[in-house]
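Keep the sequence beside the structure as you read.

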Amino acid sequence: MNIKPVPETELNDGFPDSIPDELPVLALRDTIVYPSTLYPILVGREGSLAAVNQAIESGKMILLVGQKDPELEDPAGKDLYKVGTVAHITQVLRLPNSLIKVLVNGIAPADVKSYNTKNPWLSAKITTREESGKKRISDKLGALIRKTREQFERYVLLHQDLPEEVLTGFDNAANPQQGLYLMASYLDLDLEEKQRFLELNTLESQYKLLLAKVTRELELLVVSSEINEKVQDEIQETQRRFFIQEQIKALQEELDEGDFADPELSKIKEQIAAANMPEEALAKAMEELERLKKTPQMSPEYGVGRNFLDWMTSIPWSESSKDNLDITGVQKFLDNDHFGLEKAKDRILEHIAVLNLVENIKGQILCFVGPPGVGKTSMAKSIANALNRKTVRISLGGVSDEAEIRGHRRTYIGSMPGRIIQGMRKAGPINPVMILDEIDKVGHDFRGDPSSAILEVLDPEQNNTFNDHYLDIDYDLSKVMFIATANVASSIQPALLDRMEIISLPGYLEHDKIEIAKRLLIPKMLKAHGLKKSNVKFYKDGILHMIRNYTSEAGVRTLEQQIAAVCRKIGRIYVQKTAKGEKTDVFKVNEAMVSELLGVPKYRDRAPDRIDKPGSVNGLAWTSTGGAILQIDVAVMEGKANFRLTGQLGDGMKESAQAALTYIRSNARRYGIEPTFFDKHEVHIHIPEGAIPKDGPSAGMAMVLAMLSLITGKRVRHEIAMTGEITLRGEVLAIGGLNEKLLAAQRNKIKKVLIPKDNELDLIEIPAKIKEGLEIVPVMTVDEALEHTFKDKLDTAQKA
């Protein structure tokens, strides 16, 4: 209900000369009636009806007090506020259903001293307040009143639901107290805030509260008005654009022109014509353009269609870069970029040779497999640069959604092509080198298997019609050279592995790392740290010391970091000496200086034994960092028959040890061993460095010879090492990782290495630098190995 202000002259008409000390109380549920206001109240509760009737009979004066909880049906004195408004009942209208509509005039605020509940109606003893507006107003209060009125006028003018006539009644309210209540009655306040105006005792405190409330409401109105204006402007702009577009369409239809009047669509049409698309792609692009022509720009479909055409016109369809077919120049370029990696270089040179003989060749799919840091990705980039092709790198590590490869269908919001098409757009020509990095780390989950999608990409018989879900047309990838990289080939899906040509990059050997450091890493780091070659000289022993004691890797990434650390420390020393005016000599980076600059070595190889003794044999193990010596120790103790294996061995190595023991027991008489020996003794095989997991069958020959040595008391030559898997008949089978194992033997000053006879052909591909200083002996059986291993030969009679 709206409050109607009443002029002061009317308020006093018919009022009694004095206000009684006790008045009937009318509890108000959801409003507060202020003095100097006229307010209609609908009365229906029994207590309220009794209070109104009593007031009419006793002078028409009543006390209006707000309820603290509007939900209470029969409030007591404790449920009402302590300050209310004395009002005069000016009109009573009786309605059906025992309801009464009462029109009251607020007279003055009153404090409740106590409530009386003895009668059927609630009454209260009160003390009325003296009207503050009749007192002299100070300058400070006058300024506060003026400021409040100014803010209230702005509030009324901005408020859409308040008529300007409100200000007319406001101007007539000369009394500051009356003006206060008048302004408060028009504000959108909750019950507690309205009650607060009655409870404040001074006019100044009331106006301060009123100014704060008016200012807050005014700020909300200003913000709301700005939002409405902005929305209206956007609506008008959209309507204007729509109207213009409709006019253009109407004129176009009237003229019966097939061209595109919209400059934006005309530009797209030109781009489609210039893209030199195949017939299928051209038909689909023009069909989409026609649909876009009839679609309003404000429609969501317009943005989807426009985005599709942007992709269609930005990916390459026929433009290709010219390959560099100078085989000598390419070889020189690759040699300058990378040391070693001959297999990868040879494969690319073969590819260039074929391109010199034929015009077209199907896209090549290579897969570089090797440990981290050996240069797989950088080699792929160098190949692209050597061929004068663009490079696109797609990281597949952690990709588990098939849509990442094939794209999303256009029915989804925010859909886009897969990474293959995105890569082609980034490349530009249709024949780039696309690097599929970390292909062995592709995952799969409920969203599909990306490996299956990559099958189509990497199959030369299928990738000329690769279908991306977003484009939904065939795209030719046959001219792309794909180079995948992986750390472990066994992690790649077999069907995917079958489509790629595997080129193994096993890692760099020590002499390779020294050359790489000299040719590439050291010059690069000196330049990066502002050092001159004339001031810093790296020696071979210093580089080798860094490789052996501060790195443990197949590649050179950590070596590069250690060289950078040496350069930083030298730079610091150089700057400090220069600042002091001291002369700086040439920094000689040898083994001693590396130890001084880099501190305690991070990696320490366990030196093999240098004495001949039984029960200890040097095995050879493959590691991604270049191989290692695997010392195998055997102990035999009296006790119950038992066989114990320690050193964190994997299942493959445990089974190999079991096979070795079975072979010895089955041939015990041949080697002069009592058949009951194993029933009374416990055999324990331990491989040191138990924190490092070990697995594989290639230590079988070393385990057999270590047990035979201890049981027969024969010493093993300390300068010999061996590798080979054994059978239960004592045959020695082929192993892998021979390159790395021979490197480990050379590094540990081993003189003779026993290898399986089946691996003899592999020696052809092993560099001469690795075989240098090693006597490599192929063996077919354990008996052949005995001739080379034991210091003291077994008695021939014992073998009979």
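This is a predicted model: local features need pLDDT of at least 70, side-chain atom pairs count only at pLDDT 80 or more; totals for chains, interfaces and linings use all residues.

Which residues in H9 meet which residues in H10? On the H9 side they are Ala281, Lys284, Ala285, Glu288, Leu289 and Leu292. On the H10 side they are Tyr302, Gly305, Arg306, Phe308, Leu309 and Met312. An α-helix has 3.6 residues a turn, so residues three or four places apart point the same way. Look at the spacing of the names with that in mind.

Now the geometry. Two packed helices are described by the angle between their axes and the distance between the axes. Helix H9 covers residues 279-293, and helix H10 covers residues 300-314. Their axes lie 10 Å apart, and the packing angle is about 150°. Angles over 145 degrees count as roughly antiparallel, and H9 and H10 are therefore roughly antiparallel to each other. The crossing of H9 past H10 is left-handed.

A second pair sits further along the chain. Helix H22 (residues 651-666) and helix H24 (residues 700-712) have axes that come within 9 Å. They cross at roughly 45°. H22 and H24 are therefore oblique to each other. Their crossing is right-handed. H22 brings Met653, Ser656, Ala657, Ala660, Leu661, Tyr663 and Ile664 to the contact. H24 brings Gly700, Met703, Val704, Met707 and Leu708.

How far apart are the end C-alpha atoms of H12? Helix H12 runs over residues 342-357, which is 16 residues. At 1.5 Å a residue the helix should span 22 Å; the end C-alpha atoms are 23 Å apart, which agrees. The buried residues of H12 are Ala344, Lys345, Arg347, Ile348, Leu349, His351, Ile352 and Leu355. These residues pack against helices H11 (327-337) and H13 (376-386). They also pack against strands S8 (365-369), S13 (481-486) and S14 (501-504).

Turn to one residue. Glu217 is found in helix H7, residues 203-255. Is Glu217 buried or exposed? Its relative accessible area is 10%. Buried means under 20%, so Glu217 is buried. Neighbours within four places in sequence aside, Glu217 is in contact with Tyr155 and Asp188.

Finally, step back to the whole protein. It has 28 helices and 25 strands. Of its 800 residues, 47% are buried. Take the contacts between residues at least 6 apart in sequence: 74% of them join residues at least 24 apart. The accessible surface comes to about 41,100 Å². Carbon and sulfur atoms account for 49% of that surface.

Note on methods: Residues are numbered from 1 along each chain as its sequence is written. Side-chain values use heavy atoms; hydrogens and water are left out. Helices (H or I, at least four residues) and strands (E, at least two) are DSSP runs, numbered from the N terminus. Buried means under 20% relative accessible area, exposed over 50%, partly exposed in between (1.4 Å probe, protein chains only). Contact means heavy atoms within 4.5 Å. The expected span of a helix is 1.5 Å times one less than its number of residues. Accessible areas come from the Shrake-Rupley method with a 1.4 Å probe; for residues, only the protein chains shown count as cover. Axes are lines fitted to C-alpha atoms, for helices over the stretch in contact, and angles run from 0 to 180 degrees between N-to-C directions. Angles under 35 degrees count as roughly parallel, over 145 as roughly antiparallel, 65 to 115 as roughly perpendicular and the rest as oblique. A crossing is left-handed if the near helix is turned anticlockwise from the far one by less than a right angle, and right-handed if clockwise.
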